[in-house]
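Have the model open as you read.

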Amino acid sequence: MKINSYAQYLLEHYRQITGYITLLEEELATFQEVMDDEVITAITLGRTSGGGQGSRGRVSDKTGNIALIYREATERLNSTSRQEIRCQIGVYRGEIRRLELALDSLPTLWKGVLTGLYIKGRTYMELEDDLSISQRTISRYRQKGLNMLDEILDWEKDLEACSF
């Protein structure tokens with residue numbers, strides 16, 4: 001089926017997007033920070049080459065500065081990574097929420113057709129039995145529903161209305 005609109009794209013990828021949100025939330029919950037202690041220890045401590053007992057190496061000011069810079073960089077990397085994940089989750093949740101609100105504003109049968117076909121993955125024949133309407137009517141309601149969703153989700157039109 002050819003995708004003709006953003007609304008249709010969101011509907012056809014609804015389950016994938018919600019699955020991706022779950023995956024990102026799991027990734028954020030189990031986020032493993034980049035650990036700098038081992039690297040800093042390796043930079044600042046020397047080992048004897050004979051396989052004997054380790055000894056503390058002489059730490060120069062330059063090495064200490066490099067370690068501090070590395071620590072700051074890893075903290076920034078960890079913070080940025082977490083923020084990017086949160087941002088992606090926010091964008092996906094926002095679009096799914098907009099779609100769900102737009103679906104709620106449709107007539108009940110149109111919403112039932114779109115939800116059944118796209119979100120629940122049902123066939124025309126299954127919807128025909130469930131909704132007690134013909135496949136031709138399902139097709140018409142699908143197209144009318146998509147057109148109305150396009151109108152509701154037309155954010156460019158909303159931006160133009162808000163421009164000064």
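## Tyr 20 and Tyr 92

Tyr 92 comes out partly exposed, its relative accessible area being 28%. Tyr 20 is partly exposed too, at 32%. Keep in mind that this is a predicted model.

Searching the whole structure turns up three aromatic pairs. One of them joins Tyr 20 and Tyr 92: the ring centres sit 5.2 Å apart with the planes at 80°, so this one is edge-to-face. Since Tyr 20 belongs to helix H2 (residues 14-29) and Tyr 92 to helix H4 (residues 61-104), the pair ties together parts 72 residues apart in sequence.

## Trp 110 and Tyr 141

Next up is a tilted pair: the rings of Trp 110 and Tyr 141 have centres 6.4 Å apart and planes at 45°. Trp 110 is in helix H5 and Tyr 141 in helix H7, so parts 31 residues apart in sequence get tied together here.

Are these two buried or exposed? Trp 110 counts as buried at 16% relative accessibility, and Tyr 141 is buried with a relative accessible area of 18%.

## How H5 packs on H7

Helix H5 (residues 108-119) packs against helix H7 (residues 135-152) at about 95°, and their axes are 8 Å apart. That makes H5 and H7 roughly perpendicular to each other.

On the H5 side, the contact uses Leu 109, Trp 110, Val 113, Leu 114, Leu 117 and Tyr 118. Facing them in H7 are residues including Ile 138, Tyr 141, Arg 142, Lys 144 and Gly 145. Sorted by class, the H5 contact with H7 has eleven nonpolar residues, one polar and two charged.

Definitions and conventions. Residues are numbered from 1 along each chain as its sequence is written. This is a predicted model: local features need pLDDT of at least 70, side-chain atom pairs count only at pLDDT 80 or more; totals for chains, interfaces and linings use all residues. Side-chain values use heavy atoms; hydrogens and water are left out. Axes are lines fitted to C-alpha atoms, for helices over the stretch in contact, and angles run from 0 to 180 degrees between N-to-C directions. Helices (H or I, at least four residues) and strands (E, at least two) are DSSP runs, numbered from the N terminus. Angles under 35 degrees count as roughly parallel, over 145 as roughly antiparallel, 65 to 115 as roughly perpendicular and the rest as oblique. Contact means heavy atoms within 4.5 Å. Ala, Val, Leu, Ile, Met, Phe, Trp, Tyr, Cys and Pro count as nonpolar, Asp, Glu, Lys and Arg as charged, and the others, Gly among them, as polar. Rings of Phe, Tyr and Trp (its six-membered ring) pair if their centres lie within 6.5 Å; planes under 30 degrees apart count as stacked, over 60 as edge-to-face and the rest as tilted. Buried means under 20% relative accessible area, exposed over 50%, partly exposed in between (1.4 Å probe, protein chains only).
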